[in-house]
Amino acid sequence: MSPLANHSFAKMNGIGNEIVVLDLRGSAAGISPDEARAIAAPDAVPYDQLMVLQAPRLSGTSAFIRIYNNDGSEAGACGNGMRCVARQVFAQTGERAATFETRAGLLNCWQGPTPETFTVDMGPPKFGWRDIPLSEEFRDTRYIELQVGPIDAPVLHSPSVVSMGNPHAIFWVDDIHAYDLERFGPLLENHPVFPERANITLAQIVDREHIAMRTWERGAGLTRACGSAACATAVAAARLKRTGRVVHMTLPGGELTIEWRESDDHVLMTGPAVLEFEGRFDPAVFANIA
């Protein structure tokens, strides 16, 4: 039987991004991709991302965080999930700030301007084609040559590409609801130009301080919110001089504020984190796992 049977968890969401937080810091248990997929099953605890807290590896950090998509693959970053983690840890400790280690590096989190909001320092964006990564060289990643549809009349084309700990492609459109993202998302996520797959976003500039967006999330599918995509989109818009460095983002699940801080190049994301319920995993969830 899996050591996760009967283990406690928290079901949360960050503006509609469905998150499960699993705290294994006091346990010898680990988690496998098969277990991550089993938890995401419709009759278990469906999620977009699973945030697994493990014992800290570095002095001064509260935990090492492993992040799983619902297909069992690992992600380097999840901004909405990190706000959920921060909420849970702050509730346990009474602290208002903490540092966590992830595959994408160290992330600092702190209490936001209201009790229900939290800020995550997502670190600096990366623009080099090898860093994103892309499978071929593009010297200017503000736009790359990629399109969907006929050469002379593409449906989508010329995305901006950015890494926020995971790869993002942002297509600029006049109406984010005018495209079948559920159809195009899987094709673009798995395009050969993205050797590690990519998160695919449709972005609409409302004005210089406001962007509307929708995202097909790598390994998770169509999502109501993707925090790292919001960060990537805000940064890409500022690089193109289409917005300033502080932007209000509207996602299907809610609102975020993104600041690309000029002093140190770091991207700050502020938004809510909601606890839906707490529970324990039914042992039956893991019955078919060897």
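**Charged side chains and their surroundings**

Modeller: Start with Glu137 and Arg139, whose side chains meet in a salt bridge at 3.6 Å, N to O. A salt bridge here is a side-chain nitrogen of Lys or Arg within 4 Å of a carboxyl oxygen of Asp or Glu. By this rule the count comes to 13 salt bridges. This is a predicted model, in which local features need pLDDT of at least 70 and side-chain atom pairs count only at pLDDT 80 or more, while totals for chains, interfaces and linings use all residues. Residues are numbered from 1 along each chain as its sequence is written, and side-chain values use heavy atoms, leaving out hydrogens and water.

Glu137 is partly exposed, with a relative accessible area of 49%. Arg139 is exposed, at 82%. The cut-offs are under 20% relative accessible area for buried, over 50% for exposed, and partly exposed in between (1.4 Å probe, protein chains only).

Asp34 and Arg37 form another salt bridge, their closest N and O atoms being 2.2 Å apart. The two residues are three apart in helix α1, which means they are separated by about one helical turn. Helices (H or I, at least four residues) and strands (E, at least two) are DSSP runs, numbered from the N terminus. Asp34 is partly exposed, at 41% relative accessible area. Arg37 is partly exposed too, at 37%. Helix α1 spans residues 33-39 and includes Pro33. With 39% relative accessibility, Pro33 counts as partly exposed. The C-alpha atom of Pro33 is 6.6 Å from that of Ser73, although 40 residues separate them along the chain.

Next comes Glu18, in a salt bridge with Lys11; the closest N and O atoms are 2.2 Å apart. Lys11 counts as buried, at 5% relative accessibility. Glu18 counts as partly exposed, at 25%. Lys11, Glu18 and Glu276 are linked in a network of salt bridges.

Arg218 is buried yet has no salt bridge. The nearest side chain of opposite charge, Glu196, is 4.5 Å away. For charge, Lys and Arg count as positive and Asp and Glu as negative; His and the chain ends are not counted. Arg218 lies in the loop between β14 and β15. Leaving aside residues up to four places away in sequence, Arg218 touches Asn69, Ala75, Gly76, Asn166, Pro167, Glu189, Glu196, Arg197, Ala198 and Asn199. Contact means heavy atoms within 4.5 Å.

One of those contacts, Glu189, belongs to helix α3 (residues 181-189). In α3, Leu181, Phe184, Gly185, Leu188 and Glu189 are buried. They cover an arc of only 125° around the axis, so they sit on the same side of α3. The arc is that of the directions from the helix axis to the C-beta atoms. On the other side of α3, Glu182, Arg183 and Leu187 are exposed. The buried residues of α3 pack against β9 (147-148), β10 (156-157), β12 (167-172), β13 (199-207), β14 (210-217) and β15 (221-223). Two of these strands, β14 and β15, are those on either side of the Arg218 loop.
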